[in-house]
Amino acid sequence: MDGVNLRARASLLAEALPLISVEEAARTFGAGPRAIEALGPVSFEVRSGEFFCIVGPSGCGKSTLLDLVAGFERPDAGRVLVGGRPVLGPDPRRLLLFQEHALLPWRSARANVELGLELAGVPRADRRERARGLLHEMGLAGFENARPRELSGGMRQRVSIARALAVDPDVLLMDEPLGAVDALTRLRLQDELLTLQRRGARPSSW
Amino acid sequence: MSGLKSSRSEGAARRFLLRIAGIALFLAAWQAATSFELLGPVFGPAFGPGAGGRALLAMARSGVLFEQTEASLGRFGLGLLLAVVIGGPLGFIVGYFRSLEELTTVVFQILRMTSPLALVPIALIAFGVGSRPVVFLIAYAAVWPVVLSTAHGVSRVSPAWKRMVRGFGARDGSVLRKVIVPAALPELVQGIRLAVGVGWIVLVPAEMLGVDSGLGYQILDSRDRFAYDELVATILVIGLLGLALDLVLRRLKELVSWTA
C-alpha cells in the first residue's frame, strides 16, 4: 500500500530531477605518493533528452568519468546518481559504447545485436525480429549473417550501436566510439547518431 | 575469376597427386627393402607391405581385426573422455584465476613431461590387471594438453569482451557462457587434438601390460606366433587409425574456429 504510494511519488519526482547527477565525484588510482588522481572533484547534471558532451585533452579523466556513470568504477569521493539512485554497478539501462567495438567474433552481426536481449531474457523470436529491424535501420540489411571480420570498421561500429539500441537504454554513454573509424565514416555516423537521438529523445553523453 | 578458381583447383589436384605419390614411393621403397632383404636376411618379404596387406585382409575376414580395434578404441575413447571431462573444467578454472595458473604451472609441466609408462607399476598396484590401468595411462597422458591448452585459451580472452557483457548486466555465470566458453572453445579442441595424438601413442605400449585384447596385445601376440605379416598388418592399422582420428579432430577444430 505504502509501496505503491511511494513509487507514484518517486515517478513524479523523477520528472523534476535530473536523470544523471554527478556531485563532487573524484577517482584516484593507487595510494600514497604514487597515487594518480584520474579525476578531480567534478559536478554536473544531465536531464532526460539532453545531448551532453564532455570535451578535454586525452588523459584528463573523460573515460574515468564515463566509467563512474556506467558503474564500472566507484567514486572515491562524492556521488554519482542516475534516476535519483546511486550507481552501484553496470546496468543495461545506462550503456557505455567503447572506443573498440568489442563485437564477439564468433557471432554473426544479428547474434551480436541480440546479446543484450539474450541477457535480458527476451524470447528468441522477438530478439531475432528486433535485431533484424535495428540492423536494417543502421543500413546493414543483408549483412545479418556476416561475421564481424567480414565487415568494415564503420559497419562494425554500426553493429555495436545497434546492439546498444536493442536494449533501449535510458542513457547512452559514448567514449569516443567513433575514434577508430575514418573521418568520412565518422561524420556520417555522427549524423546518424544525432538523428537517432532526436527521434528517440535518449539522453547521451560522450 | 574463373581463371583464379581453376588455378586454385589445379593446385588442390596437384597437392592430392603429390600426396598419393608420396605414399606410393614410401610403399615401393618399403617393399623393395624387404623383397631384396636390404636390411638383412631377418627382414624378409614377410615384413613387407604386400604381406602385411594380405594379412590385413585375412584378419578382416576372420573378424580378429575388428575385435582388437574395438577393444583398443573402447579403452582409448574412455581414457580420452576422462581426460576431457577432468581436463576441460580444470583448464577453465586454472585459466580464469591468474594466481591459480602460477600455483600450478610448474607442477603441471613436470607431470606432463613424466612419461605415463613410468607410472606403470603404480597404475598396476592401484588398478590391478586389466583394462583399468590402460585407461588410466591414456587419461594421464591426454589430460595435460587439454588442461594447458584450455587454460591458455581462457587466460587470453579479451577483457574488452568481458567488460562489454558486464555492461549489458551479465553476472559471472553469463560472462562464462556468453564469452569465456565460446572464446576458449577452439583452444579446448586444439588441446583435445594434441591429447588424441599423445593418447594414441600411449595406448599401444599400455596394452602390452596384462590385457589379452587390443592392438598393443595383437603386436605381442603376432610376434610370439612368428606371424610377422600380422605384425605388419597391426602396425598399419595403428598408423591409419591414428591418421583418421587426427583428421576428425582437425575438422572439428575448423568447425569451432572463429579466427582464421
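Me: How many helices and strands are there in chain A?
Reply: Chain A has 6 helices and 8 strands, where helices (H or I, at least four residues) and strands (E, at least two) are DSSP runs numbered from the N terminus. This is a predicted model, in which local features need pLDDT of at least 70 and side-chain atom pairs count only at pLDDT 80 or more, while totals for chains, interfaces and linings use all residues. Residues are numbered from 1 along each chain as its sequence is written, and chains are lettered from A and ligands numbered from 1 in the order in which they are written.

Me: What pattern does chain A follow along the sequence?
Reply: Reading along the sequence, the pattern of chain A is α-β-β-β-α-β-β-β-α-α-α-β-α-β.

Me: And what percentage of chain A is buried?
Reply: Of the 206 residues in chain A, 36% are buried. A residue is buried if 20 or more other C-beta atoms lie within 10 Å of its own, exposed if 12 or fewer, and partly exposed in between, with the C-beta atoms placed from the backbone. As for contacts in chain A with a separation of 6 or more, 67% of them are accounted for by residues 24 or more positions apart; two residues are in contact if their C-beta atoms, placed from the backbone, lie within 7 Å.

Me: Switching to the contact between the chains, how many residues does each chain give?
Reply: Chain A gives 17 residues and chain B gives 15 residues.

Me: Which elements of chain A give two or more residues to that side?
Reply: They are strand E6 (94-97) and helix H3 (109-119) of chain A, and H3(A) supplies the largest share, 3 residues. By class, the side of chain A that touches chain B has 14 nonpolar, 1 polar and 2 charged residues. Here Ala, Val, Leu, Ile, Met, Phe, Trp, Tyr, Cys and Pro count as nonpolar, Asp, Glu, Lys and Arg as charged, and the others, Gly among them, as polar.

Me: Which residues of H7(B) are buried?
Reply: Trp161(B), Met164(B), Val165(B), Arg166(B) and Gly167(B) are buried in H7(B). What covers them includes helix H2 (62-70), E6 and H3 of chain A together with H8 of chain B. Just after H7(B), Gly169(B) takes a positive phi of about 90 degrees.

Me: At what angle do H7(B) and H8(B) pack?
Reply: Helix H7 (residues 159-167) of chain B packs with H8(B) at an angle of about 155 degrees, with the axes 10 Å apart. Axes are lines fitted to C-alpha atoms, for helices over the stretch in contact, and angles run from 0 to 180 degrees between N-to-C directions. The two helices are therefore roughly antiparallel to each other, since angles under 35 degrees count as roughly parallel, over 145 as roughly antiparallel, 65 to 115 as roughly perpendicular and the rest as oblique. By class, the contact of H7(B) with H8(B) has 5 nonpolar, 1 polar and 3 charged residues.

Me: What about the packing of H6(B) and H8(B)?
Reply: Helix H6 (residues 131-155) of chain B and helix H8 (residues 172-206) of chain B pack at about 155 degrees, with their axes 7 Å apart, and H6(B) and H8(B) are therefore also roughly antiparallel to each other. The residues of this contact divide into 20 nonpolar, 7 polar and 1 charged.

Me: How many residues are in the largest nonpolar core?
Reply: It has 98 residues, and those with the most contacts inside it include Val69(A), Leu97(A), Leu137(B) and Ala142(B). H6(B) gives the largest share of this core, 16 residues. A nonpolar core is a set of buried Ala, Val, Leu, Ile, Met, Phe, Trp, Tyr and Cys residues joined through C-beta atoms within 7 Å.

Me: What does Leu137(B) touch?
Reply: Leaving out residues up to four places away in sequence, Leu137(B) touches Pro116(B), Leu119(B), Ala123(B), Val202(B) and Ala206(B).

Me: Gly79(B) next: is it buried or exposed?
Reply: Gly79(B) is buried, with 27 other C-beta atoms within 10 Å, and is found in helix H3 (residues 64-96) of chain B. Not counting residues up to four places away in sequence, Gly79(B) touches Val135(B), Ile138(B), Ala139(B), Ala142(B) and Gly199(B).

Me: Last one, what is the phi of Glu24(A)?
Reply: Phi of Glu24(A) is near 50 degrees, a positive value in a residue other than glycine, whereas most residues other than glycine have a negative phi. Glu24(A) lies in strand E1 (residues 20-29) of chain A and counts as exposed because it has 12 C-beta neighbours inside 10 Å.
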